[in-house]
Amino acid sequence: MRERASLADQPVPRRRRAGMWVLPEVRWASVATVLFLVGSLVQVADGPSWLWWGLYLACYVTGGWEPGWAGLQALWERKLDVDLLMVLAAIGAVAIGQVFDGGLLIVIFAISGALEAIATKRTEDSVRGLLDLAPERAARLTDAGEEIVDTAVLRVGDLIVVRPGERIGGDGEVVDGSGDVDQATITGEALPVDKRVGDEVFAGTLNGTGVLRVRITRPAEDTVIARIVAMVAEASATKARTQLFIEKIEQRYSIGMVAATVALFVIPLLFGAALEPTLLRAMTFMIVASPCAVVLATMPPLLSAIANAGRHGVLVKSAVVLERLGAITRVAFDKTGTLTEGTPRVAEIRALPGAGITDTELLALAASAEHPSEHPLGRAVVAAARDAGIAPRPAGDFSSAPGRGVSARVDGRGIEVGSPLRLLDDDHGQARATVAELEEAGNTAVVVLVDGLPAGVLGLSDRVRPAAAETMTRLTALTGAEPVLLTGDNRRAAARLAGEVGITDVRAGLLPQDKVAAVRELEARGAKVMVVGDGVNDAPALAAAHTGVAMGRGGSDLALDTADAVVTRDELAAIPAVIGLARRARRLVIANLVIAATFIGVLVVWDLVGHLPLPLGVAGHEGSTVIVGLNGLRLLRKSAWRRAASSTGGRPNNLPDGRRVH
């Protein structure tokens with residue numbers, strides 16, 4: 001018995017996530033940033049020049065050696081990337097005394113690399129940790145009796161026994177027993193599902209109060225939970241990385257700039273020009289043509305928008321993600337825990353005519369009988385009674401039957417609360433009609449019997465999040481396409497929720513791989529799809545989508561780390577707002593690029609066809625950098641979020657089919 005108890009009592013292990021300091025990119029970027037900041041303070045405070053020069057140069061070494069080495073490796077492979085270009089530009093800045101500007105470039109690139117390394121490592125850790133959901137051991141039944149084995153050795157056809165409170169060790173079919181199984185990790189359903197002989201169960205799901213005998217139908221490496229791991233890893237590896245504009249043109253720009261600088265230095269020397277003025281002219285060209293202003297034209301608007309979104313409850317993980325958000329044309333939502341709060345509540349109380357009982361008395365009796373129960377539906381009934389100011393009465397002879405419900409004696413009467421399938425007979429026509437009506441409306445029906453006779457029916461449902469309907473309307477106006485509902489829940493519950501929030505494209509009963517297929521189908525039609533979810537079962541779709549957004553408060557670790565952005569306060573209204581803010585950031589980036597390109601073009605032409613004094617070249621280059629930087633910082637203001645929250649993508653009051661938005 002001790003061995004059996006250990007299976008039920010064994011908690012789900014959690015891998016301890018290693019801190020970000022184990023990553024060398026983070027350590028080097030942190031040291032470089034500190035050296036740069038200290039050097040800036042010493043310089044501003046008129047400290048010794050040798051000191052702040054030394055600090056800046058140390059910043060160059062600590063923050064620049066990794067991108068420099070990466071650039072040299074790319075050069076060895078006959079590629080010229082912006083990493084090496086930035087290091088060369090920084091060295092050029094030092095050569096003409098602009099050590100601060102070079103240090104700023106180094107710090108920007110070091111921090112960008114560190115953030116990318118952190119995001120990659122967290123996703124990898126969560127994918128590995130997902131396997132911990134499945135138990136390490138299971139009780140296998142053999143001719144010799146029961147033995148405890150590792151779940152990895154289970155084979156198709158093996159028979160295992162799963163007791164109350166244990167996690168199921170493998171995908172299989174129930175061959176004996178019944179019980180309520182919490183399979184939210186796989187399907188996202190908010191309520192435990194009644195499992196009986198012939199029903200399918202999944203590895204890693206939690207058995208409730210019954211004893212199940214399960215015949216394994218899939219090997220350990222092919223369970224649904226294992227396939228989720230594989231799908232997330234595959235989608236993360238193959239998902240095309242949408243790069244920033246400067247990164248898309250970096251190869252051509254880098255080659256062109258380096259070639260022009262070398263030509264500007266070598267060709268005049270071949271024709272007998274003096275070394276010093278030729279070198280000064282080439283160096284001036286490299287400074288004015290360096291993409292500092294272009295980098296700052298791109299980053300400040302995006303980083304400012306990220307900071308503003310963070311203040312309003314949306315964590316956007318990178319500037320690349322913000323660019324993706326600005327391109328969204330279709331949004332797909334999970335149901336439970338995303339559009340709903342993920343916890344059941346009593347939505348309907350129906351005392352049956354002729355039962356001689358009121359709705360209030362029906363709720364009081366049901367809550368009194370359910371008070372000792374730990375079942376989610378029982379807790380919802382008790383919570384509803386308390387909200388109505390009804391105190392549960394003392395109950396005796398309490399018992400709970402898996403798949404059936406609970407029974408107790410309250411005020412001398414026998415009360416049963418549970419499944420209509422188990423408690424109602426064929427001659428209970430009126431009760432069955434009420435159950436059918438509630439279930440047709442998307443509720444989970446619970447029957448209440450008093451002294452063996454049906455007295456009423458309770459309808460339980462998941463609570464829709466505030467502003468869900470308004471959010472759907474705004475997203476439709478913003479993207480030009482109605483949102484999609486992708487859920488593992490049953491079709492009735494999905495249809496009821498969709499009707500409440502205004503979604504017409506409903507896809508229910510989906511397993512994780514089905515959600516991925518739905519996302520790929522939408523993207524095959526040309527849509528840039530955002531998936532919003534919260535559970536383990538949503539993670540593959542979050543990874544496969546153009547952009548994945550997770551709900552932060554109740555989201556699983558895997559969903560939070562796989563997603564590109566997290567709504568930390570679970571406010572649905574923040575989703576259209578952050579899309580609007582991302583679109584504003586994209587417009588500012590384009591404006592800044594025009595400004596930067598104009599300055600660079602004028603200064604380069606001046607240097608090539610005339611004589612551009614180095615101080616004037618530096619001043620023009622730095623001036624353009626300051627202008628685009630300040631322009632991008634406009635998105636830090638609170639008004640930027642308010643404008644984004646009220647924007648409708650250029651269609652202020654009309655839906656695509658001409659209907660008005662109110």
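Let's start with Asp-564, which is buried, with a relative accessible area of 10%. By buried I mean under 20% relative accessible area; exposed is over 50%, and partly exposed is in between, with a 1.4 Å probe and protein chains only.

Before I go on, a word on the source: this is a predicted model, where local features need pLDDT of at least 70 and side-chain atom pairs count only at pLDDT 80 or more, while totals for chains, interfaces and linings use all residues. Residues are numbered from 1 along each chain as its sequence is written, and side-chain values use heavy atoms, with hydrogens and water left out.

So, which residue forms a salt bridge with Asp-564? The partner is Arg-324, and the closest N and O atoms are 3.6 Å apart. A salt bridge here is a side-chain nitrogen of Lys or Arg within 4 Å of a carboxyl oxygen of Asp or Glu. Arg-324 sits in helix 12 (residues 319-325) and Asp-564 in the loop between helix 22 (557-562) and strand 22 (565-567), so this pair ties together parts that are 240 residues apart in sequence. Helices (H or I, at least four residues) and strands (E, at least two) are DSSP runs, numbered from the N terminus. Is Arg-324 buried or exposed? Buried, at 8% relative accessible area.

As a reminder, side chains of opposite charge can pair when their charged atoms come close.

Next pair: Glu-146 and Arg-163 form a salt bridge, with 2.9 Å between the closest N and O atoms. Glu-146 is in strand 2 (residues 145-150) and Arg-163 is in the loop between strand 3 (159-162) and strand 4 (172-177), 17 residues apart. Glu-146 is partly exposed, at 31% relative accessibility, whereas Arg-163 is buried at 17%.

Then there's Asp-505 with Arg-507, another salt bridge, at 3.2 Å between the closest N and O atoms. Through shared partners, salt bridges join Arg-330, Asp-505, Arg-507, Glu-521 and Arg-525 into one network. Arg-507 counts as buried, at 16% relative accessibility. How many salt bridges does a search of the whole structure find? It finds 21.

Arg-311, Arg-634, Arg-637, Lys-638, Arg-642 and Arg-643 form a positive surface patch. A patch takes residues with over 30% relative accessible area and no salt bridge, and joins like charges within 9 Å. Helix 25 (residues 638-646) gives the largest share of this one, three residues. Arg-642 is in helix 25, and Arg-642 counts as exposed, at 53% relative accessibility.

For contrast, have a look at Leu-449, in strand 16 (residues 444-450). What does Leu-449 touch, leaving out residues up to four places away in sequence? Gly-414, Ile-415, Glu-416, Leu-423, Pro-454 and Ala-455. Touching, or contact, means heavy atoms within 4.5 Å.

Last, the whole chain. There are 25 helices and 22 strands, and 51% of the 662 residues are buried. Of the contacts with a separation of 6 or more, 68% are between residues 24 or more positions apart. The chain exposes about 29600 Å², with carbon and sulfur atoms supplying 59% of that; accessible areas come from the Shrake-Rupley method with a 1.4 Å probe, and for residues only the protein chains shown count as cover.

Terms used. Patches are made of residues with over 30% relative accessible area and no salt bridge: like charges are joined within 9 Å, nonpolar side chains (Val, Leu, Ile, Met, Phe, Trp, Tyr) within 5 Å. Lys and Arg count as positive and Asp and Glu as negative; His and the chain ends are not counted. The place of a charge is taken as NZ of Lys, CZ of Arg, CG of Asp or CD of Glu.
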